[in-house]
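I opened my notebook to look up a few things in this structure, one entry at a time. Come and read along.

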Amino acid sequence: MSASTLPLSSLRIALVGNPNCGKTALFNLLTGGRQKVANYAGVTVERKEGRFTAPSGRVLHVLDLPGTYSFDANSPDEQITRDVCQGTHPGEPAPDLIVCVADATNLRLHLRFVLEVKRLGRPVLLALNMMDTARRRGIAIDVAELQRRLGVPVVETVAVKRGGAQALIARVDGEVPMAAPLQPDDAASRADLHAQVRELLTASVRMPRATALLDDAIDRWALHPVFGLAILAVLMFLIFQAVFSWAAPLMDGIEAGMTALGAWLTQALPAGSALHSLLNDGIFAGLGAVLVFLPQILILFLFILILEESGYLPRAAFLLDRMMFKAGLTGRAFIPLLSSFACAVPGIMATRSITDPRDRLTTILVAPLMTCSARLPVYTLLIAAFIPRRHVVFGLFNLQGIVLFTLYLLGIVSALVVASVIKRLRRDKSEHALLMELPAYRMPQLRDVALGLWQRTVIFLRRVGGIILSLTVLLWFLSSFPGAPAGATEPAIDFSLAGRLGHAMHYLFAPIGFNWQICIALVPGLAAREVAVSALGTVYAMSGSDPALVSQLGTVIARQWSLATALSLLAWYVFAPQCMSTLAVIRRETNSWRYVAISAGYMFALAYAAALLTYQLARMLA
Amino acid sequence: MRLSNLPKGAPAVVDCVDDAHPSDPIAQRLRDLGFVDGEPVRVVATGPMGGDPLLIQIGSTRFALRRSEAARVAVRPEAA
């Protein structure tokens, strides 16, 4: 390759390429970053920046950009990539070097975009990624010939292996390759790109088979009209069973540990003192109640991460697409909705990969109906307390797992219903595209799964130590002051600010069976849904003298609530008015307060209606 | 013949992609994805409900297309 300039002291490089070719994995490998990777298109929807120092001492600023099939951008995430590459992105100078990443097992598709990038007239380098898989499948690539014909430097990379980017680092540390001449972009020259790709492939690539033999075999079953759906159903079912059966011993351990720690820490304090109460009733009763759910959240995410890495998720989208279509959702909505099972905030951000603005808005409005992981503590607290641990259907299924599965299903069904209603209201007859690539299957990487679980743990503990701790302490104060007047016989909390608020709200919530303790817990639950659990822990610890209370909230509510109240609260939380961070992200992504109001309003109405129906039905049947 | 009418597993080659309406972004994207004249194409699987969507193999890539998208692609069936 001919060189254009001498080495610079710092260099800005941008990673671009088709979706799911491993740009983010390469970015993480280069910069030591920990951005999310998975085996489907559209994981990265924002530009991410990182840096590393090459062996020569040159500092390289690396930009990771959303994947795109073409510069003819269709969606907001693709526009970012186009604008950065063309140097028209506000506040972002054009990169000194564009590193095109291409999947070596799928060059027919990926080389076309490489040619499109080359025509921008900027220095370009091609990284052939997934070279290990290509070799395993017997795909022979004559790299020297490809480089000669393409006219840009070509290096081989394996982004999922340590040291897999050595060749790329060595190349970007050298001289910046010369830019190809700028070429006009029009329909005729676009069609020409495919012809060029064919020539390149004939000259430099030998593929024994178009797809991997194993993938075809798996897909014959996984996409089979009958077996495919059965496999999906069994898989989902197993996950929810595991959440309950595997987590139990771990949860008991955490519970015992918290109780012991609380007792040990507060033993030196005088029993009636405010500090004793704050530590025991506030922090340990509140935080302990939430902390025990960490194992369940991690087990759920273990499965989600493995499914994400394997490439199965787009297959699930394929199987279920007809339902999405009927509801007027675009096929592209599947991934954002799936992300919302972790949290609606990344889910709503992931809607940036949706082309049509109205489709995107519908997806944003229904995404919070997916059961986010913050609801899991509320669900499992109530299920464990009220649903007997019984095996049903020939002892195969655990009843608790079935109820949890039903609650998740209810969220999905209501999202489909709400989407159909939106479609009707708009009299929407427009077309909703799917156009989704099914990736090759991949063995989940132990490192990625472990990292994903670790990040979930950190996020959860940060919430517990941050917002949940602060709200719990605040709630303790509100439940303690003002204190009871002398001679009062009721618990002191009845006279406190929180107690009065709870009693006032009770008028509104009595028809759906909520007692005043639940009413208090609903308020901080708006900030973060798990806080409802920690708040109940605190409120019950403050209002009773029950010694079992501190760590065993489940036992207490099982004794004090009716089944109808518990079911009503479960129904409430399927819809549960939005948490603040979700409303904030809706405001940011739609740039409109109107949709924030619509979103919060309809979910509050649905939650109230569902809880009312559940409570009244349960009372009639009981 | 339209790609949406192609029987499952039958070999064919792409003829062209027709715009469903002027400056149709879906048609343009299909062309960008390699649905161009002479490219071998095959229906690999169909969705379990109402035979929609279709799983299309083109080159070494598999795309899920809804029937309305596949209907934009004109194909020539080939003898197996």
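**Entry 1: a helix and its buried side**
I listed the buried residues of H9(A): Gly228(A), Leu232(A), Phe237(A), Ile239(A), Phe240(A), Gln241(A), Ala242(A), Val243(A) and Phe244(A). I kept in mind that this is a predicted model. Next I checked the length of helix H9 of chain A, which covers residues 227–245. Its 19 residues should span 27 Å at 1.5 Å a residue, and the end C-alpha atoms are 26 Å apart, so the two values agree.

**Entry 2: another helix, H18 of chain A**

Then I looked for a nonpolar surface patch. Leu409(A), Val413(A), Val417(A), Val421(A) and Leu425(A) make one of about 450 Å². I picked out Val421(A), which lies in helix H18 of chain A. Its relative accessible area is 41%, so I wrote it down as partly exposed, the class between under 20% (buried) and over 50% (exposed).

**Entry 3: two residues with positive phi**
A reminder to myself: most residues other than glycine have a negative phi, and most peptide bonds are trans. That made me curious about Met130(A), whose phi is near 60°, a positive value. I found Met130(A) in the loop between strand E5 (124–129) and helix H4 (131–136) of chain A. Is Met130(A) buried or exposed? At a relative accessible area of 18%, it falls under the 20% cut-off, so it is buried.

In chain B I turned to Ser23(B), with a positive phi near 40°. Ser23(B) sits in the loop between E1 and helix H1 (25–32) of chain B. With a relative accessible area of 66%, Ser23(B) is over the 50% cut-off and therefore exposed.

**Entry 4: strands of chain B**
Which way do strands E1 (residues 12–17) and E2 (residues 40–46) of chain B run? They run antiparallel and are joined by two bridges. I traced one pairing: Val13(B) has Pro40(B) as its bridge partner in E2(B).

E2(B) is also joined to strand E3 (residues 54–58) of chain B, by five bridges, and this pair runs antiparallel. Here I saw Val41(B) standing opposite Ile58(B) in E3(B).

In the loop between E2 and E3 of chain B I came across Pro53(B). The peptide bond leading from Asp52(B) to Pro53(B) is cis, with omega near 0°.

**Entry 5: the domains of chain A**
Last, I looked at how chain A is divided. Domain 1 takes in 10–206, and domain 2 is made of 254–287 + 464–621. How far apart are the centres of these two domains? Taken over C-alpha atoms, 51 Å separate them.

Note on methods
Residues are numbered from 1 along each chain as its sequence is written. Chains are lettered from A and ligands numbered from 1 in the order in which they are written. This is a predicted model: local features need pLDDT of at least 70, side-chain atom pairs count only at pLDDT 80 or more; totals for chains, interfaces and linings use all residues. Side-chain values use heavy atoms; hydrogens and water are left out. Domain bounds come from an automatic or database domain assignment. Patches are made of residues with over 30% relative accessible area and no salt bridge: like charges are joined within 9 Å, nonpolar side chains (Val, Leu, Ile, Met, Phe, Trp, Tyr) within 5 Å. Accessible areas come from the Shrake-Rupley method with a 1.4 Å probe; for residues, only the protein chains shown count as cover. A salt bridge is a side-chain nitrogen of Lys or Arg within 4 Å of a carboxyl oxygen of Asp or Glu. Helices (H or I, at least four residues) and strands (E, at least two) are DSSP runs, numbered from the N terminus. Buried means under 20% relative accessible area, exposed over 50%, partly exposed in between (1.4 Å probe, protein chains only). Two strands pair if DSSP finds at least two bridges between them. The expected span of a helix is 1.5 Å times one less than its number of residues.
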